[in-house]
Amino acid sequence: MLRGKNIIIGICGGIAAYKTPLLVRLLKKRGANVRVALTEGGSRFVSELALATVSEEPVYRSIFPPTHTEGTDFTGHISLGEWADALIIAPATANTLAKLGAGLCDDMLTACFITLRPGKPVLIFPAMDGQMFLSPSVQRNIKTLATQGCRLISPESGELASGQSGLGRMPEPESILGYLEEELFSTTQRSPLYDKSVVVTAGPTREKIDGVRFISNYSSGKMGFAIARAAAKRGARVTLITGPVHLETPFGVERLDVESAAEMHSAARRFFNSSNIFVGAAAVSDYRPLAPYEGKMKKDEQEIVVTLIKNPDILAEFSLQKAPGQLAIGFALETETGLDNARKKLLEKKLDLIAFNFFDRKTSGFEVDTNILTLVGSDGVTTELPQLTKDDAAGKLLDAIEILCRSNGNNTQKK
Ligand code: C5P
């Protein structure tokens, strides 16, 4: 799998750097082309000559060419990033993690991180003292890089250079190779969602009673955001139409913020024809006040009556007019007689798949980080999932959608 692949190994200034010539050799033995980007700190722990010898390439350090002789590559920081099929940073120090997280690029390693082509795997192996690793700033930078799509591999526990033992060791070169193969394998095994247009609705809607009050629900948007994140990771082009939530936009996802069901409806309609897959994960208000009061209602009356009228069913509208090959996926949050109701909705809305979501406030449903879903397909096949994090539940839902795409064959054309 590694034969002919172009791999950059970024090496920072940690004691584990002494193991990296072995990593270069292992990669070369597997037929990979290896170039090394060595930071100033890294050069204190491992020699440039050793790395150049095993990689059979010059070692990349400064972004500024040393001399202006003929043949000098003045844009090496760009061509190095463009050349690579994958970037490994091992060991990654706290300093370089901070630079990468902030987008600084003052040496070849940090510059090629920025010029790497989109979608190419980046594997980062932080290795440092355990307390350093757990410090809030290092953890914040790790989180930032993970949300950008990098794979961060936690250090291992064992003996440390400080003489203490604990978390902080870089995995052995063989193990780093395993991670790389796994990552390259998962990107070569393309998901059927790759390059498909996926629209996800998420979060609650707000329906105005007057200028300062609204009807809404407890939806946090976490499930819809997890679906959008997972679909983007599988290479889909994702549009996330969300009601008011307090969540960060997943990496690579186009986000549209709306407030009411009417706004969500008109935003979603713009994508109906051009989308391959529509996932309705929003908790859309079924009703809205017929005539919202302009300004703030006064509290003079003992009793007031607000007349509600039905909102459009966004998902049903898409599903009932979908073209062959388009897929409509819905959720059914129920408190009682759940599964039967979910099956009824699947049929009424002509959905391809529905995720029945039992509501119990602690383990599943609104606001919490976990969910217990039962997936029901249009063929009646029912899959009960255990309690999972919303990210894992989203992964299972997408696995089921991938099966639908495959059985649709070429029908689910790129839109
Ligand atoms: O019928 P019910 O509201 O329970 O259906 C829930 C499913 O329909 C969810 O997938 C939800 O996102 C979608 N829905 C919608 N527009 C509405 C109501 C529900 O898209 N007005």
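Which hand does the crossing of α3 and α5 have, left or right? Keep that in mind while you set up the view.

This is a predicted model, in which local features need pLDDT of at least 70, side-chain atom pairs count only at pLDDT 80 or more, and totals for chains, interfaces and linings use all residues. Residues are numbered from 1 along each chain as its sequence is written, and side-chain values use heavy atoms, with hydrogens and water left out.

**Stop 1: α3 and α5**

Select residues 76–83, helix α3. Helices here are DSSP runs (H or I, at least four residues), strands are runs of E (at least two), and both are numbered from the N terminus.

The crossing of α3 and α5 is right-handed. Axes are lines fitted to C-alpha atoms over the stretch in contact, and angles run from 0 to 180 degrees between N-to-C directions. α3 and α5 are therefore oblique to each other. Oblique is what remains after roughly parallel (under 35 degrees), roughly antiparallel (over 145) and roughly perpendicular (65 to 115).

Now show side chains. On α3, pick Gly76, His77, Ile78, Leu80, Gly81 and Glu82; they meet Met108, Ala111, Cys112 and Thr115 in α5. Contact means heavy atoms within 4.5 Å.

**Stop 2: Cys112**

Is Cys112 buried or exposed? At 0% relative accessibility, Cys112 counts as buried. Buried means under 20% relative accessible area, exposed over 50%, and partly exposed in between (1.4 Å probe, protein chains only). Jump to Cys405: at 4%, Cys405 counts as buried too.

How many disulfides does the structure hold? It holds 0 (a disulfide is a pair of cysteine sulfur atoms within 2.5 Å). Cys112 is in none, and the nearest cysteine sulfur, that of Cys105, is 10 Å away.

**Stop 3: α4**

Select residues 94–102, helix α4. Its buried residues are Ala94, Thr96, Leu97, Lys99 and Leu100. Step just past the end of α4: Gly103 takes a positive phi of about 80°.

**Stop 4: α4 and α5**

Show α4 and α5 together. Their axes come within 10 Å and cross at roughly 35°. Thr96, Lys99 and Leu100 of α4 make the contact with Leu109, Thr110 and Phe113 of α5. This crossing is right-handed.

How values were computed. Left-handed = near helix turned anticlockwise from the far one by under 90°.
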